[in-house]
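This report is meant for someone meeting the structure for the first time.

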Amino acid sequence: MANQPIKSKIVKLETKIDGFDHISIGGLPKGRTTLLSGTAGSAKTVFAIQFLVEGIRANGSGGVFVTFEESPPDIKLNTEGFGWEISEWEIEGKFAFVDASPQIGVETIVSGEYDFGALIARVEHAVKKTQATRVSLDSLSAIFNQFKDDQIVRRELFRLVGALKTLGVTSIITAERTQEYGAIGRYGVEEFVADNVIILRNVLEDEKRRRTMEILKYRGTSHQKGEWPFTIMPDKGIVVIPLSAIELGQKSSNIRISSGVSELDEMCGGGFFRDSVILVSGATGTGKTLMSTHFIAGGTAKMERCLLFAFEESREQLFRNANGWGVDFEKMENDGVLKVEARYPETANLEDHLLNIQRVIDEFKPMRVAVDSLSALERVSTIKGFREFVIGLTSFIKHREITGFLTSTTTSLMGGTSITEGHISTITDSIILLRYVEMYGEMQRGVTILKMRGSMHDKSIRQFSIDGKGMHVGKTFRNVVGILAGNPQHVDNNEEIQRMDGLFSDDK
Amino acid sequence: MKYLLKLFLTGQSETSRRAVENLKTILETHLSDQYELDIVDTLDDPESATADGIIATPTLIKDLPPPLRKVIGDFSDSEKVLFGLGLVALDEDQETTDT
């Protein structure tokens with residue numbers, strides 16, 4: 001018993017900041033101080049206040065905000081838009097400011113040694129008065145600016161952090177850094193002040209701003225690695241987008257559902273799987289919107305709720321198109337089995353689009369979701385941001401155990417791949433390609449199932465036509481090679497056989 | 001005219017004791033009985049420290065005569081304290097700005 005090591009288990013405090021508890025595997029280390037470092041404008045103060053706000057909202061636990069920089073009235077004004085009723089909570093005794101911001105017009109002269117005894121006494125008093133369990137200090141850099149003697153400031157910061165530990169509160173200290181990638185803080189002491197370090201970034205990439213959060217260090221406990229995108233919602237504050245941290249714990253189901261086109265169901269070996277994500281790729285006009293329409297009609301025919309996100313066409317266009325193929329979207333919406341959300345990609349950044357899609361899915365609770373097209377969203381994001389979006393979206397759809405139908409427009413008319421496909425093809429369960437095929441001076445359309453996870457499928461490239469009733473899949477293209485590569489060539493059978501033979505010849 | 005002064009300390013520390021001693025010497029020498037000194041322990045009265053925006057201790061506040069000034073430290077540098085009280089101008093800087 002004597003030689004048993006003392007194992008102090010670090011418990012975490014759920015912050016209730018959307019998504020953060022997920023990437024931090026349970027929240028902030030309880031009873032400890034976490035350093036929150038970031039450049040100017042990286043939302044450190046918002047995070048620091050929101051941490052307190054969510055505590056009050058979740059279980060009424062008090063919060064103390066120690067400010068070295070902005071005055072309390074300014075802070076309240078700046079965060080008013082988030083709907084945080086700080087003034088009311090102050091009256092109710094749940095929220096307290098410790099105002100250590102510089103006093104304008106008061107000259108301070110230094111004569112000898114001093115300490116931060118008064119500050120510590122004030123923080124302790126505020127914590128007791130509000131019965132606070134959460135404390136935020138904003139910011140370290142400002143206190144170094146206020147007191148010129150770095151050595152004293154350092155020593156006193158350690159004392160302050162020690163006092164917070166004794167009080168048993170979970171705390172955040174913000175620190176300003178000058179570069180997005182580089183030293184954690186300006187004064188070289190920041191990371192030693194706290195056991196835990198979180199970095200907020202606001203990087204300019206391809207002329208687009210991208211906010212990310214990274215947990216750099218959690219002493220003695222685990223967290224998710226890497227940078228996680230986050231956004232600041234006007235009515236909510238910070239929302240971290242956990243993306244692939246969403247566990248893929250979904251059960252693979254063997255239930256088949258109809259694609260809405262019977263020939264296509266046959267090609268897939270009996271239809272799509274219930275909880276799978278299908279990617280349809282093709283050039284503009286090859287029939288992707290048509291296939292989404294069939295996919296939805298196939299669901300609503302069985303009274304399954306369907307949700308369509310359109311990023312390329314307006315509602316009116318979509319409804320007109322559907323009518324042209326004999327599908328009545330309007331009636332479906334009136335019957336409550338369909339919801340069409342048409343948005344222009346540029347109306348929001350990708351993080352906000354993802355959050356909106358997730359919110360609508362959770363509200364409408366569909367069995368089928370179609371996104372037409374996913375590639376339209378490439379426009380509003382960086383390559384990295386887009387990849388994260390795709391991962392986030394597909395894992396969310398799988399998590400909800402519904403069927404996702406995503407379309408992607410290829411950049412070249414005759415085929416080829418898009419960025420979307422590169423990012424998504426390994427995540428999706430099925431890939432369907434639509435291609436133009438030039439046959440004897442006429443453009444025809446071809447469809448093939450490239451991949452169908454967990455099932456046998458038709459490997460041929462089938463010709464299909466579109467009329468007033470939609471899509472009709474016909475015969476296999478014969479005597480044509482190079483369709484998928486976007487370079488169809490007619491061959492007679494002999495030539496093809498010779499070519500195939502050539503592939504396996506030994507004397508290469 | 002009387003000087004209205006307030007001294008903030010934290011507990012009965014060695015720094016607190018030294019600060020009171022240094023300050024009293026300076027005040028007795030330069031202001032004799034022309035001052036009122038109110039001593040506040042922030043541990044007993046954190047609300048007062050809040051009202052005056054005190055962070056560091058010891059802090060001396062000169063409420064009157066104006067302008068309001070703060071001197072922080074253990075008052076071991078009596079020149080600085082006298083400047084804070086407005087009893088002397090502070091060396092070269094002060095003069096160069098005037099010329």
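Leaving aside its neighbours within four places in sequence, which residues is V66(A) in contact with? In this predicted model, the residues that V66(A) contacts beyond those neighbours are V98(A), L119(A), V123(A), V135(A), S136(A), L137(A) and D138(A).

V66(A) also belongs to the largest nonpolar core, which has 41 residues, and it is listed with V64(A), F116(A), L119(A), I143(A) and F147(A) as touching the most other members. Among the elements that give two or more residues to this core are strand 4 (62-67), strand 5 (95-99) and helix 5 (117-130) of chain A, while helix 7 of chain A gives the most, with seven residues. Apart from this core lies another, of 37 residues, including F272(A), F273(A), W325(A) and F464(A).

Over all chains, a search of the whole structure finds eleven aromatic pairs, and two of them are set out here.

| Pair | Arrangement | Centre to centre | Between the planes |
|---|---|---|---|
| F65(A) and F97(A) | edge-to-face | 6.0 Å | 85° |
| F116(A) and F147(A) | tilted | 5.0 Å | 55° |

As for confidence, chain B has a mean pLDDT of 86, with 90% of its residues reaching 70 or more, although over residues 92-99 of chain B the pLDDT is below 50.

Methods
Residues are numbered from 1 along each chain as its sequence is written. Chains are lettered from A and ligands numbered from 1 in the order in which they are written. This is a predicted model: local features need pLDDT of at least 70, side-chain atom pairs count only at pLDDT 80 or more; totals for chains, interfaces and linings use all residues. Side-chain values use heavy atoms; hydrogens and water are left out. A nonpolar core is a set of buried Ala, Val, Leu, Ile, Met, Phe, Trp, Tyr and Cys residues joined through side-chain atoms within 4.5 Å. Buried means under 20% relative accessible area, exposed over 50%, partly exposed in between (1.4 Å probe, protein chains only). Helices (H or I, at least four residues) and strands (E, at least two) are DSSP runs, numbered from the N terminus. Contact means heavy atoms within 4.5 Å. pLDDT is the predictor's confidence in each residue, from 0 to 100. Rings of Phe, Tyr and Trp (its six-membered ring) pair if their centres lie within 6.5 Å; planes under 30 degrees apart count as stacked, over 60 as edge-to-face and the rest as tilted.
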